[in-house]
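Thank you all for making time this morning.

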Amino acid sequence: MNVKRRTEVEVFGVNYERFSLGRQIHRFIKKYNIKSVCELPAHGAKAAPSLYSLDFALAGVKVTLVNGVEESLKFYKELGIEKNVEIIKVDNISKTGLENNSFDFVWNFAFIPAYKDKPALANEMKRISKRHVAVFSVNKRNVGFPLHRFAHWRTKIPWTHGDMNFNSPSYLKNFFKTNGLKNIKTGVVDCPVWPDSVGFRDIRLHKNNITFDNVEWQVPYVDYLKNGNFPKWFSYVYFIERLPLPLFMKYIYAHIFYVIGKVD
């Protein structure tokens, strides 16, 4: 039976998120000399799935997408980098069957709060990495986070985004420490001047029953990369994002934070 599909265009906030994330990825590549990456799992967070590692592939890094979505390979093909990407399927992401120490960098994006067995996933990420493990998560310290909570309460739509403790930088940092990672560092990306996420778009997607199975995504960020031409306002917002403010101040307006640790 054919699933009725609708077109969903990634909005300006998601476009900027991909832009900011891409620049952080390039800094990671240079700083840690990354040659191989595993995104575990390679899903999507109210956006086109399996594209968070796109900028790794653009830089020539070998990317493995665990349980990635085959349809998203078309975006890598548009950019001529499909040879840098491999999708593998596993039944249990906490027991991938991949060899020990297989990748320089193992990570995921906006996933771990909703996963049931977080320690098992952390241990698997650590096992298959020979250098670093990183998790990017939505930042509950952002001023928009309580508004998103309120939107769910007001519309009586259950909270679907998992354990909010894992939206806390300090909590996730301690989780890394508890699970045996070393030299743990935190940082932020996607820090525009508007709050995240107020929840309007999320509630609309819920009400329209939009899932990754019934949407054909359009990704303007890929077009920007193809044309080598980003909206000018990206530069202005990114300038503000990169101001050398103390991290505790940036948490107020950062949409995403990350925690990265070294495998012992």
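Leaving aside its neighbours within four places in sequence, which residues is T64 in contact with? Before I answer, please keep in mind that this is a predicted model, in which local features need pLDDT of at least 70 and side-chain atom pairs count only at pLDDT 80 or more, while totals for chains, interfaces and linings use all residues. Residues are numbered from 1 along each chain as its sequence is written, and side-chain values use heavy atoms, with hydrogens and water left out.

To come back to T64, the residues in contact with it are V37, C38, E39, E86, I88 and F103, where contact means heavy atoms within 4.5 Å. T64 belongs to strand β3, which covers residues 62-66; helices (H or I, at least four residues) and strands (E, at least two) are DSSP runs, numbered from the N terminus. With a relative accessibility of 4%, T64 counts as buried, and here buried means under 20% relative accessible area, exposed over 50%, and partly exposed in between, with a 1.4 Å probe and protein chains only.

If residues up to four places away in sequence are not counted, N139 touches F145, N167, P169, Y251, A254, H255, I256 and F257.

Let me turn to the charges. Side chains of opposite charge can pair when their charged atoms come close. A search of the whole structure finds seven salt bridges, a salt bridge being a side-chain nitrogen of Lys or Arg within 4 Å of a carboxyl oxygen of Asp or Glu.

One of them joins the side chains of K226 and E78, at 3.3 Å from N to O. This pair links distant parts of the chain, since K226 sits in helix α8 (residues 220-227) and E78 in helix α3 (residues 73-78), 148 residues apart. K226 is partly exposed, with a relative accessible area of 44%, and E78 is also partly exposed, at 36%.

Another salt bridge is formed by the side chains of K130 and D104, at 3.7 Å from N to O. K130 lies in strand β6 (residues 129-138) and D104 in strand β5 (residues 103-109), so this pair ties together parts that are 26 residues apart in sequence. K130 counts as partly exposed at 43% relative accessibility, whereas D104, at 3%, counts as buried.

D104 also forms a salt bridge with R131, where the closest N and O atoms are 3.5 Å apart; these two residues, in strands β5 and β6, are 27 residues apart. R131 is partly exposed, with a relative accessible area of 28%. Taken together, D104, K130 and R131 are linked in a network of salt bridges.

Finally, where is K177 found? K177 is part of helix α6, and it is exposed, with a relative accessible area of 60%.

That is where I will stop, and I am happy to take questions.
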